[in-house]
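Biologist: Hi! Could you walk me through this one in plain words?
Modeller: Happy to. Here it is.

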Amino acid sequence: MDFIKVDDTNIEKEHICCCITNKKGENCVSSKKEWMQGCLKDGLVFLKADVRGKVFIEYMPAENAWYPIDAPGYMHINCFWISGQYKGKGYANQLLEQCIEDAKKKGKCGITIISSEKKRSFLPDPDYMKYKGFTAADTASPFFVLYYLPFTDSAPLPRFKECSRSGKIDEQGMVLYYTNQCPHTAKYAPLLSSIAEQHGTSVSVRKLETAAQAQNAPSPFTTYSFYYNGQFVTNEIFSEKKFEKFLQAHGL
């Protein structure tokens with residue numbers, strides 16, 4: 001399997017795996033690529049298999065990552081996804097090995113990744129990460145785990161920032177924090193607002209526009225985090241049907 005590194009020279013022509021095509025009237029691909037282009041200067045690496053499928057890893061220096069973590073000297077994996085017919089063929093191992101090799105060449109002390117204790121949607125498989133030698137460095141409510149793979153015994157222990165630990169915010173009602181790191185948020189974040197308005201209510205949308213904003217966010221998973229009456233609800237992107245069910249369940 002050949003792998004392609006997406007950068008300034010080929011980002012316009014390469015698909016980005018988790019969003020193969022840009023359907024008419026949607027901005028999934030464009031929003032993600034715009035986010036990527038802004039992060040390339042900060043060390044973002046997007047490595048994908050040369051196939052039209054979801055086989056890729058995305059990582060960058062933890063100091064520049066869009067997550068509230070304190071992990072100096074580490075490389076942080078933003079997203080790591082192999083799906084469909086490509087699962088179970090060793091591609092995950094190859095991608096991770098290239099990430100590790102790249103991190104070592106760049107003088108990093110290890111790698112971090114955010115997941116959970118058990119497999120959850122939109123998060124990397126924790127069993128696989130543990131199988132590859134990652135161990136839990138820290139936790140944040142309600143289920144987030146910061147895993148790390150240190151390269152030396154002297155590597156510092158990475159941590160979640162205090163602002164992201166509680167799983168709570170002060171604001172009442174429905175509140176959504178998100179970034180364009182996931183191509184689908186640009187479509188579904190505005191959709192929530194539209195559906196809520198149809199129900200005579202509203203969602204307070206907090207789009208994180210910079211790494212600094214994301215690094216000081218209340219949720220460890222800044223890509224998409226939905227709160228209701230101050231409590232974290234989900235990091236899974238609401239479809240129309242799932243959001244309608246949520247509104248019905250809460251009498252909204």
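Modeller: Below we talk through the sheets, the helices on them, the cores and a few residues.

Biologist: What should I know before I start?
Modeller: This is a predicted model, where local features need pLDDT of at least 70 and side-chain atom pairs count only at pLDDT 80 or more, while totals for chains, interfaces and linings use all residues. Residues are numbered from 1 along each chain as its sequence is written, and side-chain values use heavy atoms, with hydrogens and water left out.

Biologist: In what order do the seven strands of the open sheet come?
Modeller: The order is β1-β2-β3-β5-β6-β8-β7, and the pairing is mixed. Strands (E, at least two residues) and helices (H or I, at least four) are DSSP runs numbered from the N terminus, and two strands pair if DSSP finds at least two bridges between them.

Biologist: Which strands stand at the edges?
Modeller: β1 (3-6) and β7 do. Each has a single partner strand, so one side of each is left without a neighbour in the sheet.

Biologist: And how much does the twist average from one strand to the next?
Modeller: It averages 25°. Axes here are lines fitted to C-alpha atoms, for helices over the stretch in contact, and angles run from 0 to 180 degrees between N-to-C directions.

Biologist: Is β5 enclosed or open?
Modeller: β5 is largely enclosed by the rest of the structure, because seven of its nine residues are buried. Buried means under 20% relative accessible area, exposed means over 50%, and partly exposed is in between (1.4 Å probe, protein chains only).

Biologist: How does β5 pair with β3, parallel or antiparallel?
Modeller: Antiparallel, with seven bridges joining the two strands. As an example to look for, P61 stands opposite M75 in β5. With β6, β5 pairs in the parallel sense over four bridges, and there Y74 stands opposite G110.

Biologist: What about β6 and β8, which way do they run?
Modeller: β6 (residues 110-116) and β8 run antiparallel, joined by seven bridges. I111 has L149 in β8 as its bridge partner.

Biologist: Which strands does α1 touch?
Modeller: α1 packs on the sheet and touches β1, β2 (45-49), β3 and β5 (74-82), with its direction at about 40° to that of β3. Contact means heavy atoms within 4.5 Å. Helix α2 (residues 91-105) lies across β1, β2, β3, β5, β6 and β8, and runs at about 20° to β3.

Biologist: New topic: which residues touch the most other members in the largest nonpolar core?
Modeller: That core has 39 residues, and M36, L44, I69, Y74, I114, F144 and F160 touch the most other members. The largest share, four residues, comes from α1. A nonpolar core is a set of buried Ala, Val, Leu, Ile, Met, Phe, Trp, Tyr and Cys residues joined through side-chain atoms within 4.5 Å. A second, separate core of 28 residues includes F3, Y91, A92 and F134.

Biologist: What does F160 touch?
Modeller: Not counting residues up to four places away in sequence, its contacts include P68, I69, I114, F144 and P220.

Biologist: How many disulfides does the count come to?
Modeller: The count comes to zero disulfides, a disulfide being a pair of cysteine sulfur atoms within 2.5 Å. For C39, the nearest cysteine sulfur is that of C79, 13 Å away. C39 is buried, with a relative accessible area of 2%, whereas C79 is partly exposed at 27%.

Biologist: What is the order of the four strands in the other open sheet?
Modeller: It runs β11-β10-β12-β13, with mixed pairing. The edge strands are β11 (203-207) and β13 (231-234), each pairing on one side only. Strand β10 (residues 174-178) runs parallel to β11, with five bridges between them, and V175 stands opposite S204 in β11.

Biologist: Which strands does helix α4 lie across?
Modeller: α4 (residues 185-198) lies across β10, β11 and β12 (224-228), running at about 170° to β10.
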